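Please keep the model in view while going through the numbered points.

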Amino acid sequence: MTTPPASTFDRPQEPAHAMGGPSSNGRPILLVALAVIAALVIGGGAWAVTRSLAGGGNQPASALPADTAAYVRLDIDPSLGQKIAAVRFLEGLDDDVLDDLREGDFRETFFEWMAEDDPAFESLDYQDDIEPWLGDRMGMGVVPNGESEPYFGIALQVKDEEAAEAGLTKMREMDDTPGGEDALDWFFHNGYAVLTPTGTVDQLKGMVEEGTLADQETFREDLSALGDQGVLSGWIDMEPLAALADSAMAQESVDDMSALAPSGALGMFGTGSAGEALTGRYAAALRFAEDNIEVHGVSRGLEAMGIEGGESAHLVLDLPENTAAALSQEHGDQFLGRAYAMFKEQLPQEFADAEAEASEMGLALPDDLQTMLGSSLVVSVGPGITALEQDDENVDYVEIAYRTATDTDKAEDILTRALDLVGAEPEASELLVRRADDGVLTLGVSKPYVDTVAEGGALGNHRLFKNAVPNAADAHSVFYVNINTFEDLYLKDITDSATRNSLKQLAAVGFSSTMDAEGNADFTLRFIADE
């Protein structure tokens, strides 16, 4: 089959080459024809342990249409020649793999693995067919078009368009199935080969020529707010995707971004369907440093969930330094009020029924719930919890406490009424330890731990906590686990020494998020390595 020159693909009126449809053994054409993308993804995950992989040149967004509603980008740059950072999580990896990461092109290693598993790749030579043209970045975009199924494009960075033309054509020729509208085609733009089904290649190319995602104002603003895009990043605009409720591709885009959004933001305001009133924009990035792995993200336009803010106690900062785990929320009363109003508007009858039922029991919704949340709350777990299994009858080992900055008299009255309503035995009520100090109510079952927590500490200044939650003093939500506290509970059950050594390097996990009155939020999830 004769391959036209690369310039052919710059002329929309001429047909572009198509990769064949699904092969006879059922391999998806995207996997077969673009195995190199998988090599990029796997290689990118491994190369991610370099501290900074941001090289020069255009990003994949510069080769996808401005109307792109969901975008995922991978950036690896082995050409920088940086050594692998001392991320202790990787100490359990196979030595040969680490050697490849430090000294070689990991994409070639992965390509060889694929060749071993799939004879179809034996006809390809990485050095001759792939390496001469494959760049260091790739991106994928979902592009709504007014139809039930959107367009999609995969942008592969190329170093040499002519070599890329030959390599992609050879990939296509691995399949002998005749091509069709669903077979993959490609065109070149801005240093990228953009792959898309033959039936939509002209339309997508025309959209790219009219304007790219990189020039789209809201995209630029969101990526600017995100900052360093790290090794893996994504962006999604929910409103245009809402019209694609029946599109598997759109739903998968939401699911993929949810994986990058540990705050649960994408599933928080709906059932998870792309067509059910999901709004807002989200961007997230996976970043690596010598002592931590971080997912950082931002959301924009969730006005219904905004928090006015103001001063709050940040009780999490005053926990004991040896705290094993903590979950906190600032302005929980405000957040609940906004969320309650939003959901009540969507489900008026259900909420009216719930309010009436609560009133019959002497409770008021949402006021009583807001009182119990207060302006600052924290649930803390002490290190003694690890000894509970040794003596499960001693409540002093139940080192769990709930603290809230609120109207303590009103909160205790609500608590008493709630216990009466559920029919709690007098002994159960007496078991609950309550302590009020200067507008802060502390609850628990272990009096020694309740007293320890109420008397305060300096967790906010503890090295491990500060590394895991670097912005805790400004965050509205915080989650923290000192993994070292629990090592003796699980490491002994791991028989593989390499796996055990790797897990032993994980010291802590921290999460924080902040939201303003306009519903603009940011979040950070960190995994911290031991010193």
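**Note on the predicted model**

1. R526 counts as buried, at 18% relative accessibility; here buried means under 20% relative accessible area, exposed over 50% and partly exposed in between, with a 1.4 Å probe and protein chains only. R526 forms a salt bridge with E294, and their closest N and O atoms are 2.7 Å apart. A salt bridge is a side-chain nitrogen of Lys or Arg within 4 Å of a carboxyl oxygen of Asp or Glu. This pair links distant parts of the chain, since R526 is in strand β16 (residues 521-529) and E294 in strand β8, 232 residues apart. E294 is buried as well, with a relative accessible area of 9%.

2. On the basis of the note: this is a predicted model, in which local features need pLDDT of at least 70 and side-chain atom pairs count only at pLDDT 80 or more, while totals for chains, interfaces and linings use all residues. Residues are numbered from 1 along each chain as its sequence is written, and side-chain values use heavy atoms, with hydrogens and water left out.

3. The protein chain holds 20 helices and 16 strands; helices (H or I, at least four residues) and strands (E, at least two) are DSSP runs, numbered from the N terminus. Of its 531 residues, 50% are buried.

4. The structure holds 13 salt bridges. One of them joins K205 to E209, with the closest N and O atoms 3.3 Å apart. K205 and E209 are separated by about one helical turn, because they are 4 residues apart in helix α7 (residues 201-210). K205 is buried, with a relative accessible area of 5%, whereas E209 counts as partly exposed at 45%.

5. A further salt bridge is formed by the side chains of E455 and R435 (3.9 Å, N to O). E455 lies in the loop between α17 (447-454) and α18 (463-468) and R435 in strand β12, so the pair ties together parts that are 20 residues apart in sequence. E455 counts as exposed at 57% relative accessibility, and R435 is partly exposed at 23%. Salt bridges that share partners join R435, D437, K447, D451 and E455 into one network.

6. Where does L315 lie in the chain? L315 is in the loop between β8 (292-300) and β9 (325-330), and it is buried, with a relative accessible area of 4%. Leaving aside neighbours within four places in sequence, L315 is in contact (heavy atoms within 4.5 Å) with residues including E330, R403 and V440.

7. Helix α12 (residues 332-346) and helix α13 (residues 348-360) pack with their axes 5 Å apart, at an angle of about 120°. Residues of α12, among them Y340 and F343, meet P348, F351 and E355 in α13.

8. Some backbone values deserve attention. Most residues other than glycine have a negative phi, and most peptide bonds are trans. H331, which is not a glycine, has a positive phi of about 55°; H331 lies in the loop between β9 and α12 and counts as buried at 4% relative accessibility. D438 also has a positive phi, near 50°, but D438 is exposed, with a relative accessible area of 83%. The peptide bond from L365 to P366 is cis, with omega near 5°, and P366 is in the loop between α13 and α14 (367-373).

Notes
Axes fitted to C-alpha atoms, helices over the stretch in contact; angles between N-to-C directions.
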